[in-house]
Amino acid sequence: MLSYLQDLTLRLAAGATRLDEQVRQTHAAWLTAQQRDDGGFAGREGGSDPYYTAFALRGLWILDALTPEIGRSAADFLRSRLNHRESIVDLISLIFAAAICEMAVEAEVIGDDDSSWIDNVAGLLESLRTDDGGFAKSPEGRAGSTYQTFLSTLCLELMGRQPQHPERVLEFLDSQAHPDGGYLEIRAAKRAGVNPTAAAIGTLKTLGAIDRVDRETTIDFLGEMQSDEGGLTANTRIPFADLLSSCTGMITLVDLDAVDAVDIAAVRRYAESMQADGGGFTGFALDHIADVEYTFYGLATLALTV
């Protein structure tokens with residue numbers, strides 16, 4: 001059975017085959033050019049890290065442009081980071097990226113003899129569990145984060161694990177549901193957001209419990225987040241759309257079989273407008289620098305709306 005990440009990536013790859021060939025080639029060439037000498041990928045500043053490497057590899061894979069040379073070089077970089085003291089986000093990204101290298105080009109990053117490393121990571125993630133049943137963003141966190149719970153659940157799935165006491169995760173997600181639709185990121189938040197909503201639905205789907213969603217209110221919430229620009233905004237207080245929210249919102253609507261809740265053609269036009277000259281995507285209207293993370297979001301949004 002495919003993992004959530006595998007299933008999503010394959011769906012995006014299928015959609016991307018319908019994109020204009022010149023669009024595919026332009027963005028594939030741009031992403032390829034972002035690989036550093038160490039095999040990793042970086043953000044807008046700083047050196048290579050697992051976070052941006054995972055996004056770059058996913059983008060190349062859905063474009064069918066992740067060659068063995070690129071993948072093996074990236075795998076070398078990821079193996080070099082196995083014993084680093086990574087942030088939680090980078091650690092999870094490393095596992096995501098390692099799974100892509102193995103699935104796409106059969107380049108092994110975490111070997112069968114690394115079971116103690118996997119045990120340690122699983123133990124670290126479980127140490128982030130909070131009294132509300134979710135996962136916190138850091139060991140000092142007192143309350144669960146919907147997004148961190150999503151990342152941790154996906155990471156555990158890729159390692160062949162499940163969260164301990166998964167029923168408590170489900171109870172946490174139920175508590176994050178906002179009566180007006182959507183989900184909260186943390187319990188102290190005042191309004192639901194597109195990205196925590198996507199995280200909640202993704203977690204529920206991973207745990208085989210998507211029937212716990214109040215579909216009607218969640219779909220209505222996501223539909224209301226479409227702006228005049230065509231893309232989706234992060235929440236009701238943000239006046240402009242962004243590619244991250246547009247991408248995660250569309251993924252969620254697909255999962256809920258409700259893509260007709262938004263004007264799909266308008267979402268596609270918005271994503272197309274975020275393309276930078278020479279390749280890559282920017283994040284929102286006032287952003288002028290492309291990066292590998294937003295390029296993945298842009299490609300994914302196009303793949304879901306073409």
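Reader: Which residues in helix 7 and helix 9 meet each other?
Author: In this predicted model, T146, Y147, T149, F150, T153, L154 and E157 of helix 7 meet P196, A199, A200, G202, T203 and T206 of helix 9. Sorted by class, the contact of helix 7 with helix 9 has six nonpolar, six polar and one charged residues.

Reader: And what about the axes there, how do helix 7 and helix 9 cross?
Author: The axes of helix 7 and helix 9 come within 8 Å and cross at roughly 30 degrees, and the crossing in which helix 7 passes helix 9 is left-handed. Angle and axis distance are quoted together because two packed helices are described by both of them.

Reader: OK, moving to the other partner: how do the axes of helix 6 and helix 7 cross?
Author: Helix 6, residues 115–126, and helix 7, residues 146–158, have axes that come within 11 Å and cross at roughly 160 degrees. The two helices, helix 6 and helix 7, are therefore roughly antiparallel to each other, and their crossing is left-handed.

Reader: Which residues make that contact between helix 6 and helix 7?
Author: From helix 6 the residues are A122, L125 and E126, and they meet S152, C155 and L156 of helix 7. By class, the residues of this contact of helix 6 with helix 7 divide into four nonpolar, one polar and one charged.

Reader: Take L156 then, is it buried or exposed?
Author: L156, which is placed in helix 7, is buried, with a relative accessible area of 1%.

Reader: What is L156 in contact with, leaving aside its neighbours within four places in sequence?
Author: With those neighbours left aside, L156 is in contact with A122, L125, E126, F135, R161, Q162 and P163. As for L125, its C-alpha atom and that of L156 are separated by 8.3 Å, while the two residues are 31 residues apart along the chain.

Reader: F135 is on that list; where does F135 lie, and is it buried or exposed?
Author: F135 lies in the loop between helix 6 and helix 7, and F135 is buried, with a relative accessible area of 0%.

Reader: What about N195, what does it touch beyond its neighbours within four places in sequence?
Author: N195 is found in helix 9, which covers residues 194–206, and, with those neighbours left aside, N195 is in contact with L244, S245 and T248. At 21% relative accessibility, N195 counts as partly exposed, given that buried means under 20%.

Reader: How far apart are Y51 and F55 in helix 3?
Author: Y51 and F55 are four residues apart in helix 3, residues 50–62, so they are separated by about one helical turn. Y51 is buried, and F55 is buried as well. Both residues belong to an aromatic cluster formed by Y51, Y52, F55, Y294, F296 and Y297.

Reader: Where are D64 and H165 placed, and are they buried or exposed?
Author: D64 is placed in the loop between helix 3 and helix 4, and D64 is exposed, with a relative accessible area of 68%. H165 is placed in the loop between helix 7 and helix 8, and H165 is exposed, with a relative accessible area of 52%.

Technical notes: Residues numbered from 1 in each chain as written. Predicted model: local features only at pLDDT ≥ 70, side-chain atom pairs only at ≥ 80, totals over all residues. Heavy atoms only, no water. Axes fitted to C-alpha atoms, helices over the stretch in contact; angles between N-to-C directions. Parallel < 35°, antiparallel > 145°, perpendicular 65-115°, else oblique. Left-handed = near helix turned anticlockwise from the far one by under 90°. Contact = heavy atoms within 4.5 Å. Nonpolar A, V, L, I, M, F, W, Y, C, P; charged D, E, K, R; others polar. Buried < 20%, exposed > 50% of the residue type's maximum accessible area, 1.4 Å probe, protein only. Phe/Tyr/Trp six-rings, centres within 6.5 Å; stacked < 30°, edge-to-face > 60°.
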